[in-house]
Each structure stands twice: as structure tokens, then as C-alpha cells.
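Welcome, and take a moment to turn the model around before reading on. We will look at one topic at a time.

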Amino acid sequence: MNATERKPDNEILESLAGVTRVFILGCQGCPVGCETGGQPWLDQMRALLTGADKTVTGAALLDMICNKAIVGIRLGRLARQIGEAEAVLVGSCGVGVQAVGNMVGRLAVPAMDTLSMGDYQGLWPSEERCAECGECMLAFTGGLCPITLCAKSLVNGSCGGTQDDGSCEVSPERRCGWQMIYERLEKLGRLDDLKRFAAPKDFRKRDIPDAYRRTLRWALEVAEQEDAETEPQNTEK
Amino acid sequence: MAQLQQQLSAGRFVVTGEVGPPKGTHIAPMIDEAEQYLKGTVTAVNVTDLQTAVMRVGSLAACRLLVERGIEPVFQMVCRDRNRLALQSDLLSAAVLGIENVLALTGDHVVMGDHPEAKPVYDLDSVGLLQAIARLEAGSDMGRDIKGNENALDGAPTFFKGCCATPCGANVDAQVIKLEKKVEAGAQFVQTQAVYDPPAFEAFMRRVEPLKVPVLVGIVMLKSAGMAKYMNRSVPGVQVPDDLIRLLADAAKEDRQKVSTEICGRLIRRMKDCCQGAHLMTLGWDHCVPDIVQAAGL
């Protein structure tokens, strides 16, 4: 299961500065399991946004938003409400935010930071990847992740290695992540987002607390181990 | 104050050179050539920092050796090989070793070099490095003490801070935005990627004019037609025009240095009125630098 934590309200509102109409989309998979998402989250986000004088054009919870094809099919019936919004606030891991960003033609803004995915890139991962950096910056990069798309994980724009055809210096097969971000922001009319200074990452967030390393399978292993340790004592009695 | 800063502030057209430290301890030829051909000819000499991700003698040590010979170095720093502790520490080291100019670069990826299996660092990027330098100059580092207060330095360095830009790339808009950020982060001068397209460079200069930052146009010596074609294929933002390639192809092998020197001189003459200096990258042909400066009419 992917562990996420909610971004502070002020950070969410900063991500949505200048945006007045928002669609809220939550994932009903992992964020429900780790109690960051689900209906309670959706209600709180609606209250936060309306309290900040923003219009919520619609809201939905989808089972799994880590796959953009599934997202695309399921969002079809919500096309009008999403179309009315300038941005989609997404409550999911970084893969989900990118999958939504790739499908809706709107700014996809993360409402959560992804802490631990245990190398699990979603139920049915496509090309989107999340590095579990714990400081999601997708709101300012057009919903495309520079940490996983840029070979150097740069946070302030491309280096001098962007080839003239838009590929990366490390391989002609690889697209320059920052060139992709540039093109997406241009399409969204948000090139000014590139002018924002991104602080160096806090690498403590990548060394995740033990609690987040533990999974259901881990719990089963521990239970089995405990059984094995207690059984011999039982037979002695 | 560094000569580089003084001369740029005084509005003089400035020429800088560049040397690459050796792979191994045999450093004397690099220092001797710098002394023989660059000292007195150029204002400052860049020392590359493990250029193209190839392991060599470090830029910091080579810069100090230049200082000892009375040559003003530009300490190139890439973000590829050091985290923020090591970068800041090397900046303090540079300051105590009398090095006044720093050029902040991202750095070619390790897969471009001779240790492709190495871990790339990029803890900071070029913008973050410039911000870190400015912070050291203001008397604190990027860290915090136990109480969460800024760490006060016992003595703060002062640098003349530079950055690079690619004026003739496919996406000039993205380059201009990044350069704006670098200047806002503290960059005081710019040395560019190689330029062979004066009209494109002039257009770039008009775009960055509002930044009021001195720009030294990058001039890379073309050693052969083959090298020019290679650059066109592989170096982003570099397009050597066909007429220059033909000049090199038609030149007899013994005339190539002369032809290449003349091309450099011609490029500088053509662009010197729209920029504040030229950065010469001779790729080992240091002995050509005095002739280039002469051919440029400087």
C-alpha cells in the first residue's frame, strides 16, 4: 500500500493561487487504507476551497486512479464538471496525480505528499512514476514529475543537456523531462510556473519511518513468527 | 576585487580562457601552458570541474596552482559529484585559497563520462548552488543549529558568481527563464555555450538585455571538419554552419590551426558589439589564444 500524508492546507491553497474553479478527485485505493483520503478528505477539501472563495465544479472518488486509461474511461461521465474547472485537486500518490494530469488537459494539483510506495507504482501502472520524495511539486510542473522524468532530478528547470530534438543528454531514446514540463505548461497557459524557485529537497523525507515500511504481508509474517515462538512452550505444558 | 569583475564593471570587453586539468598527477604542462599563453592575454582562466564527467585532478587544486602563478582562475563547480555539505565546504576552501570567481553549473550526467556506473548526486541544481553561494556570502550556510537557528559563519567569503546559458538552443524561451532565475539567485556574469550563429546570438542578447548581466560569448575552436560535424550531431544548441565546415575541410592539415584561429577571430569581431566579452575554449590549443585575440582585433 502506498503511504501518503496530507499536504498542509496553506500549501494546497498556494498551489491553487489564481485558480477559482476546482474539481476535486480522490483515490479510493491506498489513501483510504492509510486514512488520508476517502469521503472525509473530500468533504474537508470542499470546505477548504469554498472557504477560500473557490468554486467546486464537482467532486468524485474513484477506486484506483493510478492508471490513466482507467481514469480516462471513468472521468468521461464527469467531463462537463471537469471542463468547467481550471484545475483538478487530486488526493492520491504521485502516480495518480500524473495519471490525472495526463488525461484531463487541466492543471493537476497534488493534495498529498507520497512517503512510501514500497516500489509499488500503483495497481496498474503505466508510464507515470513517483519517487516518494515526500514533497510533491506536481502543482508547479504541470502535473509531470521532474524527480522521475529528469535524469538529474533537477527542480528548477532543464540543464544544458536538452538536445535540439527535445531528448535528454543521457540517451536519444529518453525525452528531456523539463522539455515535457515546458510543453505541458505552455499548453496549460502556465509558463510562469517555471519562474518559481524550488528549494532543494529535504532528503530526510525519503528515509521513511519504520511504520510506513510495514505492510499487511509484514503483519502476517510477524504473526506467524510469534506463533512459531509460542508454540513450543505450549507443547511443553 | 577580482580583475574579471573589475574589468566587466568598467565596461571593458573581457576575454577569458579555459584549461582542463590532467587525468593523473602530471600537472606541470597545464600550468606552464596557462602561464605561457594565457597569462597577460586573457583576464581570467576557467578551470573545468571533471569535464564531461571524466575523472581528473580537481578544479579547486588546479585553481590554487594558477593563483600561485599570478593567473586569476574561475573555479567551475558542477552539482554532479558533491552534496550540499561538500559544495559549501569547497566554496569556503576556495575562499581561503584566494579564489575569487566561481562558475555554478549543473554538470554533465555521469553516463556521459568514464565512470558511467557512479551515483549521480545533484543534491542542489545550478540555481540552488547560486543561492547557497549567496547565503555563504551573507554569513550563514544552508544548515541549522540544534535550536533551529541559522548557522553563523566565522568569516564569510565573497565571490564573483557566474553561470552558463545556451543562447542558440531549440528552446530559447526555456533558457531565458532559467537564466532569469540564475541572475535572481545571484549570478553576476554569464559564459555561454559555443556560438557559431551570430544572428541567433544577437536575438538572445536582446531577450536577456533587461537582466543587465554581462555575457561572455562562448567560442570553441573547431579543430577539424569532423569535429564540427560531431558537434552538430551531439552538442545541444550548437550548429556550425556549412561554410565554416567547408573552410576547415578545404584547409590543408598544417593550416587548420590558422584557419580555426581566423574563424574564432571573425566570430568575436562579428559579435563583440552586442556582448561584454568572449570565453575561449581552445580544447588544448592554448597556444592559439594570443593569435585569436589579435585576429579579433582586441
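## Where the chains meet

This is a predicted model, and the contact between its chains draws 22 residues from chain A and 26 residues from chain B. On the chain A side that touches chain B, nine residues are nonpolar, nine are polar and four are charged.

## Two helices in chain A

The crossing of H4(A) and H6(A) is right-handed.

Which residues make the contact? H4(A) brings A:Lys68, A:Val71, A:Gly72 and A:Leu75, while H6(A) supplies A:Ala99, A:Val100, A:Asn102, A:Met103 and A:Val104.

## A pair of strands in chain B

Over in chain B, strand E1 (residues 14-19) and strand E2 (residues 44-47) run in the parallel sense, paired over four bridges. Within this pair, B:Val19 sits opposite B:Val47 of E2(B).

In a regular strand, side chains alternate between the two faces of the sheet. Strand E2 of chain B can be read that way: B:Ala44 and B:Asn46 point one way, and B:Val45 and B:Val47 point the other way. Are these residues buried or exposed? B:Ala44, B:Val45, B:Asn46 and B:Val47 are all buried.

Methods: Residues are numbered from 1 along each chain as its sequence is written. Chains are lettered from A and ligands numbered from 1 in the order in which they are written. This is a predicted model: local features need pLDDT of at least 70, side-chain atom pairs count only at pLDDT 80 or more; totals for chains, interfaces and linings use all residues. A crossing is left-handed if the near helix is turned anticlockwise from the far one by less than a right angle, and right-handed if clockwise. Two residues are in contact if their C-beta atoms, placed from the backbone, lie within 7 Å. Ala, Val, Leu, Ile, Met, Phe, Trp, Tyr, Cys and Pro count as nonpolar, Asp, Glu, Lys and Arg as charged, and the others, Gly among them, as polar. A residue is buried if 20 or more other C-beta atoms lie within 10 Å of its own, exposed if 12 or fewer, and partly exposed in between; C-beta atoms are placed from the backbone. Two strands pair if DSSP finds at least two bridges between them.
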